[in-house]
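Hi everyone, thanks for making the time.

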Amino acid sequence: MPGSSITAVVRPAVAADAAAITRICSTAYRNAYRDLLPEGYINRSVAEFYSEARIARDIAPALPDWFGYQVVEEDGRVLGAAGGGMTDPATGELSLIYLESDERGRGLGTLLLDRVTEQIRAAGGTEMWVSVFLGDSGGIGFYRARGFQPMDTVRATLSREDDHIRSLRMRRLTDGAVKR
């Protein structure tokens, strides 16, 4: 970002970050989707993916499927988290990016996206995918602005037949995807 004064750094998460990651992901997920998704679906998703026990278990990498959590930190405070991994030898998946709500718009999400993109590229990935809930105009806009293109819609993870919750699958090539 031209003229930016970001002093944040992205680093692999450690066990001591589990509580901060839990708080950030749970709160950001609830805030982002409260007007978009049914409360029951939000509660199921938070319980499944963002409990402290689950995050503590997933801090470390489980290669190649999961690179481990990455966090963005500034002045000793964790402000956001991201994670992804490989779905096959040439394809990576960005699983999540969440930030403290007050920290959005500073370029921190892009720093996290860049880190996961670098991990996918280093693992041999030539493309990366992300799922964004249909109707999440902020999320879709974020990814489109960073080169992701809509490809397909699918039933969202944890969605039940009667929920009718859909995700937009978006893809970009990793070659030259990270712009500095």
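What is Thr 174 in contact with, once we leave aside its neighbours within four places in sequence? The list is Ile 120, Arg 121, Gly 125, Thr 126, Glu 127 and Met 128. Please keep in mind throughout that this is a predicted model.

Now let's step back to the whole chain. There are five helices and seven strands. If you read the elements from the N terminus on, the order is β-α-α-α-β-β-β-α-β-α-β-β. The radius of gyration is 16 Å, close to the 16 Å that the globule rule gives for 180 residues, so the chain is as compact as a globular protein of that length. Along the principal axes, the C-alpha atoms fill a box of roughly 45 × 35 × 35 Å.

Two more numbers for the chain. Of its 180 residues, 47% are buried. And if you take the contacts with a separation of 6 or more, 62% of them are between residues 24 or more positions apart.

What does the record say? UniProt, in an unreviewed entry, places the feature "domain: N-acetyltransferase" at residues 27–175. That span is 33% helix and 32% strand, and its end C-alpha atoms lie 33 Å apart.

Rolling a probe the size of a water molecule over the atoms shows where empty space is left. Here, the largest pocket holds about 1300 Å³ of space. It is lined by 45 residues, and those closest to its centre are Tyr 33, Ser 95, Leu 96, Ile 97 and Tyr 98. Several elements give two or more residues to that lining, among them helix H1 (18–33), helix H2 (39–49), helix H4 (108–122) and strand E5 (127–133). Which element gives the most to the lining? That is E4, with seven residues; the strand covers 91–99. Sorted by class, the lining of this pocket has 23 nonpolar, 13 polar and nine charged residues.

The peptide bond from Leu 63 to Pro 64 is cis, with omega near 5°. Pro 64 belongs to the loop between H3 and strand E2 (70–74).

Then please move to the loop between E6 and E7, where Leu 158 is found. Leu 158 is a residue other than glycine with a positive phi, near 70°. His 164 is found in the loop between E6 and E7 as well, and it has a positive phi of about 55° although it is not a glycine.

Are these two residues buried or exposed? Leu 158 counts as partly exposed, because its relative accessibility is 31%, and that class lies between the 20% and 50% cut-offs. His 164 counts as exposed, because its 64% relative accessibility is over 50%.

Technical notes:
Residues numbered from 1 in each chain as written. Predicted model: local features only at pLDDT ≥ 70, side-chain atom pairs only at ≥ 80, totals over all residues. Heavy atoms only, no water. 1 Å grid on protein atoms, 1.4 Å probe; cavity = no way out; pocket = protein on both sides within 12 Å on 5 of 7 lines; lining within 4 Å. Points joined across faces, edges and corners; volume = space filled by probe spheres on them. Helix = DSSP H or I, 4+ residues; strand = E, 2+ residues; numbered from the N terminus. Nonpolar A, V, L, I, M, F, W, Y, C, P; charged D, E, K, R; others polar. UniProt positions renumbered as here; feature names shortened; annotations may be inferred. Rg over C-alpha atoms; globule rule 2.2 N^0.38 Å. Buried < 20%, exposed > 50% of the residue type's maximum accessible area, 1.4 Å probe, protein only. Contact = heavy atoms within 4.5 Å.
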